[in-house]
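Dear colleague,

I am passing on to you the structure we spoke about, with my notes on it below. Please look through the model first and then read on.

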Amino acid sequence: MEEKRSAFFTIMLLSAIILIFTAADFIQGDRTFSETENKLLADRPEWSWDSLIEGKYTRDYETYLTEQFVGRDKWITVKTYLDLALQKQEINGVYLGADGYLIEQHLPGTYTDVEETKKLLLLDKLVKRWDATVMLVPTADNILTDRMPLWAPYYDQADFLEKAALQLGSEHYIDVYSALRRHAAEEIYYRTDHHWTTLGAWYGYLAWAESLGRRGDLYGKNAMQPVTADFLGTLQSKVNLDVQADSIFWFPETAEYPVTVTYDLKDIRSSCYEESYLKTKNKYGFFLDDNHAFIEIDTDYHNGKTLFVIKDSYANCFVPMLIPYYEKIYVMDLRYFNGRLFRFMEGYEPEEGMDVLVLYNCIHFLEDFAYLE
Amino acid sequence: MVFSSVVFLFRFLPLLFIVYYLVPGRGKNLVLLLGSLFFYAWGEPVYVLLMLFSTVSDYIHGRLLGRIRGKRAAKGILASSVLINLAVLCFFKYADFLIQTFNTVTGMSVPLLALPLPIGISFYTFQTMSYTIDVYRGEAKVQKNLLDFGVYVAMFPQLIAGPIVKYRDVEARLHNRKADVENISDGMKRFCFGLAKKVLLANNIGELWVLVSEMNPGEMSALTAWVGIFAYAFQIYFDFSGYSDMAIGLGEMLGFRFPENFRYPYISASVTEFWRRWHISLGSWFREYVYIPLGGNRKGRLRQLLNILIVWTLTGIWHGAGWNFLLWGLWFAFALVLEKLFFGKILSWLPKAVGIVYTMLVVLVGWVLFALESPGRILGYLRVMAGMGGRLADAEGFYLGRQYGVLFLIAVLAATPLFGRAAEGLRKSRTGPAIALYRFGEKVIPAALLLLAIAGIVDASYNPFLYFRF
């Protein structure tokens, strides 16, 4: 009798779990967008015999059910905490480092020698044609080595950068790696995002100034002001953990004099900072209005100098610091540009010539640096 | 449809069982058959016809055998049934393998068929063959009811990945079965444990194997290689035995008793013992329908060794159409023959721990053959494991061991009878608190595992889209 009663309760408990979530899942409406995952969630697939026979209908239907499952975000959090309980130090390609640092994982051997060399030769061609300066910024895993989990593997960018310096020649290569290494204990990368911080970029700026023999004392470290204290970046989205938010800083001096910023040849604004992004999840978009194919900045410094920057998003918080040095700054993101680069640049080159700067982080450089002459 | 999915757990499962329990008497079989066909068609909307063909074909063969049992023509009908089953299996599973081999040998280039493998075909063809063979032998009665026979073949719990249920094991219950409260509760618990094995253990430790299997053996340390193949050993065990647990549990909820398929294989002290504990239903199928008909051990030593060789060649390629699977089967045949000849005797004199270590070594080498398909990678991997490939240990190996250390520990414990014995000990002790603890645990543990497994299933599709990746 006792056995029967116990069995009965077991059945009640386990079926309750299934039935309650089934019912709740039916009651709950579909969401179109997930804030946590920052993506559109799957919709109910359209029925057709063809799609059924191909097996597409049932596959899509499963994706739809899973992505719309009741309490999806909570379930994902449960799984993450289970991983933490199992003492895992990486989730979804992100290392859980010391001091609350989330560090994006780049495994050794991801890029072969041949791939590295190919990209460097392509870069070299640009450098030699335009007498350009190159800043390749290492990612956090190479700099914050003390904060990485014990024994955690990473793609060693020091070797790659040595190769780059050798290929490009020291007059074209700015050693950002050493500059950042020296300040590895400071807040030079975001804890929740894969970008370098404004402070990190500032150390990059010092290296730039020193290497080019320009004044590097236009802004002091202490002039940095916070614009937000609750930035949760892309790495936080990947691990979906409750972590301490980052602050984003800027140098107010860079906005002291009026500028005219033209985005993609049509959208004209009077600042290279966009405060509206601070209210969204993508707060790093504050700098240079997130990503654009081509940006023109006209400054109030009428010194007749022009700079052409070819860059990834690491440059977004860096470029504003160069405003006092140039009358005109052109900023190009090659991912959104399909034309012939050199011809395009020639179109913008004034008679007296222009400086050309290439700024990427190493990974984005290896992944995305490509152009047609 | 797989068990570890939202569509199964929160659509199919509740609906099927509610209807199944509500419908009275003979109607239950109709519900079960229609449900099972839907279950299969969900993943194989076309090949469901192939399964129906197999079912009807063996049903007819069975009826024919019933009419002319004992006559000479019966042999022909049995041969026809077996041939049709094997032809279907060969065509869908081995055609491309045979064409490829033929092309390699002759240097010709006959185009491949590139047919996708119908899910579960290796399981259900073996099941239906057991039926006609048993009817021919007079060990099972002819099934005149197509519905009951359809239920036997298509029944969703074991349809896709076994256990391979012999017809006579379920014969009586096809027509008349009952699941009481205790059966249902035991079945549910068993299902939860199986689901947890699959989702929480196999899938998680499988991530580690994915990492290692994608590395170049030339750049791997011995430590990494060992960590990797242990991860695979646990992945395949918990995946497969978890699936069997779920099947057995679901069967119990329906009133069936399926045979056990795994009995803690990794505690075996010899390879012979390992194969009595691993995928038992397949081993017993081959034993009954191949090994013994060939003469087993009754026709002299030499003949027995040959029989072992035949059975293990077949067992090897049953697992997949590839040379590595054949090699894998022969590797075990080799160990089994050695144990039959003299090594088993030696093992029995040695401490049990030695036997366990030896068995584990044989099995792990077997998994390398099983998991890595190309000869180059297999040899490279084995070399590294043997310490002939460079470094013995490196940071990467330590890192992987560190990340998965706790999971490994749980996996090792879960692969032994420890938890089961502890529970049994509590249940059988007659003291009040122990019983109370058992009663509490038998409800709360499966419930907690079920919840965690759901989290694992939902999380598997977690894929944040980082449009602002730059």
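**A buried threonine in chain A**

A:Thr198 counts as buried, because its relative accessibility is 3%, and the cut-off for that class is under 20%. Please keep in mind throughout that this is a predicted model. A:Thr198 lies in helix α9 of chain A, which covers residues 198-212, and, once its neighbours within four places in sequence are left aside, A:Thr198 is in contact with A:Tyr190, A:Met224, A:Phe249, A:Trp250, A:Phe251, A:Phe287 and A:Met321.

**Chain A as a whole**

The secondary structure of chain A comes to 12 helices and 15 strands, and its C-alpha trace spans about 95 × 50 × 45 Å along the principal axes. Of the 373 residues in chain A, 55% are buried. Among the contacts in chain A with a separation of 6 or more, 69% are between residues 24 or more positions apart.

**The nonpolar cores**

The largest nonpolar core holds 262 residues, and the members that touch the most others are A:Trp196, A:Trp208, A:Ile310, B:Phe8, B:Phe156, B:Tyr266 and B:Trp367. Helix α10 of chain B (residues 222-254) gives the most to this core, with 17 residues. Not counting residues up to four places away in sequence, B:Phe8 touches B:Met1, B:Val2, B:Phe3, B:Leu13, B:Pro14, B:Phe39, B:Phe156, B:Phe191 and B:Leu250. Another core, of seven residues, lies apart from the largest one and has A:Ile91, A:Val94, A:Leu96 and A:Leu235 among its members.

**Where the two chains meet**

At the interface, 56 residues of chain B are in contact with 66 residues of chain A, and the area buried between the two chains is about 6100 Å², with carbon and sulfur atoms giving 68% of it. The rule finds 12 residue pairs in polar contact across this interface, both residues of each being at pLDDT 80 or more. On the side of chain B that touches chain A, helices α1 (6-22), α9 (181-213), α17 (395-414) and α19 (432-459) of chain B each supply at least two residues, and α19(B) gives the most, with 14 residues. By class, that side of chain B has 38 nonpolar, seven polar and 11 charged residues.

**Salt bridges**

The whole structure has 41 salt bridges over all chains, and the count between chain B and chain A is four. A:Lys88 forms a salt bridge with B:Glu207, their closest N and O atoms being 3.3 Å apart. The side chains of A:Glu3 and B:Arg439 also meet in a salt bridge, at 3.3 Å from N to O. A:Glu3 lies in helix α1 of chain A (residues 2-27) and B:Arg439 in helix α19 of chain B, so this pair joins two chains. A:Glu3 is partly exposed, with a relative accessible area of 37%, whereas B:Arg439 is buried, at 14%.

Within chain A, the side chains of A:Glu346 and A:Arg129 meet in a salt bridge of 2.9 Å, N to O. This pair links distant parts of the chain, 217 residues apart, with A:Glu346 in helix α11 (residues 341-348) and A:Arg129 in helix α5 (residues 113-130) of chain A.

Within chain B, B:Lys198 forms a salt bridge with B:Asp239, the closest N and O atoms being 2.9 Å apart. B:Lys198 in helix α9 and B:Asp239 in helix α10 of chain B are 41 residues apart. Finally, salt bridges that share partners join A:Glu3, B:Asp186, B:Lys189, B:Arg439, B:Glu442 and B:Lys443 into one network.

With best wishes

Technical notes: Residues numbered from 1 in each chain as written. Chains lettered and ligands numbered in written order. Predicted model: local features only at pLDDT ≥ 70, side-chain atom pairs only at ≥ 80, totals over all residues. Heavy atoms only, no water. Contact = heavy atoms within 4.5 Å. Buried area = accessible area lost by both parts, 1.4 Å probe. Polar contact = N/O pair within 3.5 Å; in protein donor to acceptor, adjacent residues only side chain to side chain. Helix = DSSP H or I, 4+ residues; strand = E, 2+ residues; numbered from the N terminus. Nonpolar A, V, L, I, M, F, W, Y, C, P; charged D, E, K, R; others polar. Buried < 20%, exposed > 50% of the residue type's maximum accessible area, 1.4 Å probe, protein only. Core = buried A, V, L, I, M, F, W, Y, C linked by side-chain atoms within 4.5 Å.
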